[in-house]
Amino acid sequence: MSKIPRNFKLLEELEKGEKGLGAESISYGLASQDDITMTYWNGTILGPPHSCHENRIYSLHIVCDESYPDKPPKVKFVSKINLPCVDSNGNVIPGEFDTLKNWRRAYTMETVLLELRKSMASPSNKKLQQPPEGSTY
């Protein structure tokens with residue numbers, strides 16, 4: 001089976017993200033339309049209902065460097081959040097977040113954002129005390 005080149009995969013993700021064809025609870029797109037290498041992305045996660053994240057919108061930066069999709073993207077929350085897989089600077093710690101730790105080439109930025117949202121809603125995380133809404137790293 002042949003490997004889809006990085007740019008084709010990212011173009012596919014860009015199209016899906018821009019057209020809103022994925023899940024309604026997340027969104028993602030290029031940070032700058034001038035980024036011809038498609039390296040820097042912005043993501044958004046709507047806080048899951050029935051959790052301390054309900055009615056909150058979380059912003060993230062995603063970096064898909066030249067090793068993507070063979071290696072996972074670097075993911076960083078802009079909005080402050082208290083989650084076990086996020087360090088004190090907002091970085092999602094690959095070793096603490098299964099989707100990044102067990103990365104597969106078939107995964108996408110949508111996969112990462114949806115799994116982060118699922119983590120927010122998990123029984124062990126959904127009641128964690130959170131920083132004031134609107135605070136950033």
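Trainee: What is Asn-125 in contact with in this predicted model, leaving aside its neighbours within four places in sequence?

Mentor: Cys-52, His-53, Leu-83, Pro-84, Ser-119 and Met-120. Asn-125 itself lies in the segment after α3, which spans 109–121.

Trainee: What makes these count as contacts?

Mentor: The cut-off is a distance of 4.5 Å between heavy atoms.

Trainee: Why is Asn-125 called buried?

Mentor: Its relative accessible area is 6%. Buried means under 20%, so Asn-125 is buried.

Trainee: How do you know that the side chain of Asn-125 makes a polar contact with Ser-119?

Mentor: The side chain of Asn-125 reaches the backbone oxygen of Ser-119 at 2.9 Å. The limit for a polar contact is 3.5 Å, so the pair is within it.

Trainee: Why is Phe-8 described as exposed?

Mentor: Phe-8, found in helix α1 (residues 6–19), has a relative accessible area of 55%. Exposed means over 50%, so Phe-8 is exposed.

Trainee: Which residues form a nonpolar patch with Phe-8?

Mentor: Ile-4 and Leu-11. Together the three have about 300 Å² of accessible area on the surface.

Trainee: What makes β1 and β2 a pair of strands?

Mentor: Pairing needs at least two bridges. Five bridges join β1 (residues 26–30) to β2 (residues 40–46), and the strands run antiparallel. Therefore they pair.

Trainee: Why is β1 called mostly covered?

Mentor: Four of its five residues are buried, and buried means under 20% relative accessible area.

Trainee: Are Met-38 and His-50 buried or exposed?

Mentor: Met-38, in the loop between β1 and β2, has 7% relative accessibility; that is under 20%, so Met-38 counts as buried. His-50, in the loop between β2 and β3, has a relative accessible area of 64%; that is over 50%, so His-50 is exposed.

Trainee: What kind of peptide bond joins Tyr-68 and Pro-69?

Mentor: A cis bond, with omega about 5°. Most peptide bonds are trans. Pro-69 is found in the loop between β3 (57–63) and β4 (74–77).

Key
Residues numbered from 1 in each chain as written. Predicted model: local features only at pLDDT ≥ 70, side-chain atom pairs only at ≥ 80, totals over all residues. Heavy atoms only, no water. Helix = DSSP H or I, 4+ residues; strand = E, 2+ residues; numbered from the N terminus. Buried < 20%, exposed > 50% of the residue type's maximum accessible area, 1.4 Å probe, protein only. Polar contact = N/O pair within 3.5 Å; in protein donor to acceptor, adjacent residues only side chain to side chain. Patch = residues over 30% accessible without salt bridge, like charges linked within 9 Å, V, L, I, M, F, W, Y side chains within 5 Å. Areas by Shrake-Rupley, 256 points an atom, 1.4 Å probe, with all protein chains shown as cover. Salt bridge = Lys/Arg side-chain N within 4 Å of Asp/Glu carboxyl O.
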